[in-house]
Amino acid sequence: MSDRVPVLILCGGFGTRLAEQTEVRPKPMVEIGGRPILWHIMKHYSRYGFNEFYLALGYKGEYIKRFFVDFYTMGQDLTVSLEDGHVHTLGRNTAEPWRVHLIDTGLDSLTGQRLKMLGKLVAGRTVFATYGDGVADINLDKLLEFHRAKKGLATLTAVRPPARYGAVEFDGDHVRSFKEKSTVHEGWINGGFFVLEPGALDVIEGNVMFEHGPMERLAAEGKLFAFRHEGFWQCVDTLREMKYLETLWASGKPPWKTWTEATK
């Protein structure tokens, strides 16, 4: 269903809650299975044919720039002439079919301002938008279909928050029920993975969080819809969550891996 809808990814935050990793690199570059979280997210969009990306850079943005500048050559077999510095690829191409726009949106910009800045580069187009620190197995074709059917300005993906603790219900001092790490009692939260019309970005004014005033206004005006996703979703805010995704990746069947590897 791909019709070249561009993907905006917020990559500029400080990631302070994952300071063990983000002191040396931005959070989207924290690795799961030897690859940055950002790569996992982009692979998922690419699986559905969405291959044009606009990355809003901020904190340690140069790290992300270096990764993509080197991305092509690091995926090739090479011959390097030490006499004149000429690099020749040997025909084996495992690079992704991505076009990646790396945009410096400022160190202290909030999510709304970063989206607004990227929006100027894709004026008049419907866009996907997401955060650079969460993975999911969302069917992006169905998300886009849902958004277009509702004819609103914005659609967010609503997810069940992963339960960190067992749910306990009491009857006096007796435990009436217990479910270990159950999400049954949890409500819905914003999981990101937005679809936005240009009008959704027009309501952003100044350096604001998109999730606050702009989304509240869109909701009040009846222009914000929620696509409910019952499948896998996980953000990475803590070292514990990072290790959890590492464990899933090591199992060989991580639930967010919707793509197949290219043959060499």
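The face of helix H8 (239–250) turned away from its buried side carries the exposed residues Thr247 and Ala250. Exposed means over 50% relative accessible area, buried under 20%, and partly exposed in between (1.4 Å probe, protein chains only). Helices (H or I, at least four residues) and strands (E, at least two) are DSSP runs, numbered from the N terminus.

This is a predicted model: local features need pLDDT of at least 70, side-chain atom pairs count only at pLDDT 80 or more, and totals for chains, interfaces and linings use all residues. Residues are numbered from 1 along each chain as its sequence is written, and side-chain values use heavy atoms, with hydrogens and water left out.

**Helix H8**

The buried residues of H8 are Glu241, Met242, Leu245, Leu248 and Trp249. They sit on the same side of H8, because they cover an arc of only 120° around the axis. That arc is taken from the directions from the helix axis to the C-beta atoms. Just after H8, Gly252 has a positive phi of about 90°.

**Nonpolar cores**

A nonpolar core is a set of buried Ala, Val, Leu, Ile, Met, Phe, Trp, Tyr and Cys residues joined through side-chain atoms within 4.5 Å. The largest one has 43 residues. Ile9, Leu38, Tyr45, Phe50, Leu55, Phe128 and Trp256 touch the most other members. Elements that give two or more residues to this core include strand S1 (7–11), helix H2 (37–47) and H8. H2 gives the largest share, 6 residues. A second, separate core of 22 residues includes Ala154, Ala158, Leu196 and Leu218.

Tyr45 has contacts (heavy atoms within 4.5 Å) beyond its neighbours within four places in sequence. Among them are Val7, Phe53, Leu140 and Phe193.

**Salt bridges**

A salt bridge is a side-chain nitrogen of Lys or Arg within 4 Å of a carboxyl oxygen of Asp or Glu. The count comes to 6. Three of these pairs are listed below.

| Pair | N to O distance |
|---|---|
| Asp237 and Lys27 | 2.8 Å |
| Arg217 and Glu221 | 3.1 Å |
| Glu221 and Lys223 | 3.4 Å |

Asp237 lies in the loop between S16 and H8, and Lys27 in the loop between helix H1 (19–22) and strand S2 (31–32), so the pair ties together parts that are 210 residues apart in sequence. Asp237 is buried at 13% relative accessibility. Lys27 is buried at 11%. Lys27, Asp133 and Asp237 are linked in a network of salt bridges.

Arg217 is partly exposed at 39% relative accessibility. Glu221 is partly exposed at 38%. Lys223 is partly exposed, with a relative accessible area of 33%.
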